[in-house]
Amino acid sequence: MNEDVERRPGEEAIPLPADYDAGLYFIGRVRTPWQNRGECPKNGKQTDAVCTLEVDAAYRPALQNLEGATHLIVLYWMDRAARDLVRQQPRHAPGSRGTFSLRSPARPNPIALSVVERLDIANGIVRVRGLDCIDGTPLLDIKPYFASTDSRPEARVDRAGTEKPATP
């Protein structure tokens, strides 16, 4: 449990398992203008800020041919987020919501995903637009965005049923 995380009425936390199921390798760091969660935009479409993906030297060869992608999928580790919340109380909502119905960084595995515009690549630095995380956030992966397979224009999120608790 992360003791320094703000808790709101309606939120529910659980004890976390003692051991992890998998390991990860951080491939670099994300550099943004934001120093804390309150400064971050709610999503990457709310900002025009140019951010950088600083890829560690060992992983820089993996950037080969990435110049051909106008947009990227960036996966990063929200290392300062709570990991024990199963229900959360968004500031904009009248009641709690299940963690898996939200895009909040607070989740059992704080993996975040953003589709970003790739601006340029040089010396292991990828300049992008469209991120929403704190400066120094660990970088997990970079993938090319394919509109032909990644876009789902028919996708919808119905918020009408948010007060119904999930069946255990």
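A residue is taken as buried when its relative accessible area is under 20%. In this predicted model, cysteine 51 has a relative accessibility of 1% and therefore counts as buried. Cysteine 133 likewise has a relative accessible area of 1% and is buried.

The structure contains zero disulfides. A disulfide requires a pair of cysteine sulfur atoms within 2.5 Å. For cysteine 51, the closest cysteine sulfur belongs to cysteine 133 and lies 6.9 Å away, which is too far for a bond. Cysteine 133 takes part in no disulfide either, as the cysteine sulfur nearest to that of cysteine 133 is found in cysteine 40, at 6.5 Å.

Strands of a sheet are paired through backbone hydrogen bonds, in either a parallel or an antiparallel sense. Strand E9 (residues 137-144) pairs in the antiparallel sense with strand E2 (residues 28-31), over three bridges. In this pairing, valine 30 is placed opposite threonine 137 of E9. Strand E9 is also paired with strand E4 (residues 71-77), again in the antiparallel sense, over five bridges. Here isoleucine 73 faces lysine 143 of E9.

An open sheet is formed by three strands in the order E1-E5-E6, with antiparallel pairing. E1 and strand E5 (residues 85-88) run antiparallel and are joined by two bridges. Within this pair, alanine 13 stands opposite leucine 85 of E5.

How values were computed
Residues numbered from 1 in each chain as written. Predicted model: local features only at pLDDT ≥ 70, side-chain atom pairs only at ≥ 80, totals over all residues. Heavy atoms only, no water. Pairing = 2+ DSSP bridges. Helix = DSSP H or I, 4+ residues; strand = E, 2+ residues; numbered from the N terminus. Buried < 20%, exposed > 50% of the residue type's maximum accessible area, 1.4 Å probe, protein only.
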